[in-house]
Amino acid sequence: MSDIATTLATAIRAIHDYPKPGIIFRDITTLLGNAGAFRQAVDELVRPYNGLAIDQVAGIEARGFILGGAMAHQLSSGFVPIRKKGKLPHQTVRMAYSLEYGTDEMEMHVDAVRPGDKVILCDDLIATGGTAEGAVKLLRQLGADVVSACFVIDLPELGGRQKLEALGVEVRTLVSFEGH
Ligand code: AMP
């Protein structure tokens, strides 16, 4: 592992059997509360996008808001929240996405991005990739150019990276953990 990956892996707390038996929940609140690790994570997330004139960073509710907001500030871009259905007050577009069991729906404001906007998608973790896939489809429905999708954590055994790459989206992750 690189120095940064080691620092970040150490700063992330593992909660076993949460929210159900067999799952290891990767808790980034310990990373967010560690000033040096938080700074390093955000610096590393934005590094390749500096100078690319990114219009918007889109963050997935809820942890993607924290990382994506910090990224947008650093890139001098806007920030777009992608939320669970029923939370946004203005007119929305909606997309179904797959969860481990069943589906759910996510929404964006219809005027949150303009056709041709260069957008970076951000979340804390990619597992099966179902959530991020729904977000990419939603952004593209409004005509956005999804330049890249970035995550602090990858769970490579669950295949999310391949799912996004099959859609033609570049995927960047900072640290990988085995298992679910
Ligand atoms: P997926 O759609 O399967 O890629 O799941 C990704 C979403 O679920 C992200 O918003 C994550 O925050 C959350 N998530 C999935 N698995 C975990 C895990 N093991 N630890 C923490 N968050 C997770």
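Me: What does Asp 17 count as, going by relative accessibility?
Reply: Partly exposed, because its relative accessibility is 48%. Buried means under 20% relative accessible area, exposed means over 50%, and partly exposed is in between, with a 1.4 Å probe and protein chains only. This is a predicted model, where local features need pLDDT of at least 70 and side-chain atom pairs count only at pLDDT 80 or more, while totals for chains, interfaces and linings use all residues. Residues are numbered from 1 along each chain as its sequence is written, and side-chain values use heavy atoms, with hydrogens and water left out.

Me: Where is Asp 17 found, and what is its phi?
Reply: Asp 17 sits in the loop between β1 and β2. Its phi is near 60°, a positive value in a residue other than glycine. Helices (H or I, at least four residues) and strands (E, at least two) are DSSP runs, numbered from the N terminus.

Me: Which peptide bond involving Pro 19 is cis?
Reply: The one joining Tyr 18 and Pro 19, with omega about 0°. Pro 19 is in the loop between β1 (13–16) and β2. Another cis bond runs from Glu 61 to Ala 62, with omega near -5°. Ala 62 belongs to the loop between β3 and α4.

Me: Why flag these?
Reply: Because most residues other than glycine have a negative phi, and most peptide bonds are trans.

Me: OK, on to α4. Which of its residues are buried?
Reply: Gly 64, Leu 67, Gly 68, Met 71, Ala 72 and Leu 75. Seen down the axis of α4, they fall within an arc of 135°, so they line one face of the helix. The arc is that of the directions from the helix axis to the C-beta atoms.

Me: What covers those buried residues?
Reply: The cover includes α2 (29–32), α3 (35–46), β3 (56–60), β4 (78–84), β7 (118–126) and β8 (145–154). Contact here means heavy atoms within 4.5 Å.

Me: What follows α4?
Reply: Ser 76, which has a positive phi near 55°. Ser 76 lies in the loop between α4 and β4 and counts as exposed, because its relative accessibility is 67%.

Me: Next, α3. What do its buried residues pack against?
Reply: They pack against α1 (3–11), α2, α4, β8 and β9 (171–176). The buried residues themselves are Ala 37, Ala 41, Val 42, Glu 44, Leu 45 and Val 46.

Me: And α5, which residues are buried there?
Reply: Gly 130, Ala 132, Glu 133, Gly 134, Ala 135, Val 136, Leu 138 and Leu 139. With 12 residues, α5 reaches 17 Å from first C-alpha to last, close to the 16 Å expected.

Me: What does Ile 82 touch, beyond its sequence neighbours?
Reply: Leaving aside residues within four places in sequence, its contacts include Ala 58, Ile 60, Phe 65, Met 106, Glu 107, Leu 121, Ala 135 and Leu 138. Ile 82 is in strand β4 and counts as buried at 1% relative accessibility. Its C-alpha is separated by 5.8 Å from that of Glu 107, which is 25 residues apart along the chain.

Me: Asp 154, buried or exposed?
Reply: Buried, with a relative accessible area of 5%. Asp 154 lies in strand β8. Not counting residues up to four places away, Asp 154 touches Ile 126, Arg 161, Thr 173, Val 175, Ser 176 and Phe 177.

Me: Last topic. How much space lies in the largest pocket?
Reply: About 1,100 Å³. Of its 34 lining residues, the closest to its centre are Arg 63, Leu 99, Leu 125, Ala 127 and Thr 131. On a 1 Å grid over the protein atoms alone, a pocket is an open set of points where a 1.4 Å probe fits, with protein on both sides within 12 Å along at least five of seven lines; lining residues have an atom within 4 Å of a point. Grid points are joined across faces, edges and corners, and the volume is the space filled by probe spheres set on them.

Me: Which element gives the largest share of the lining?
Reply: β7, with four residues.

Conventions. Expected span 1.5 Å × (residues − 1).
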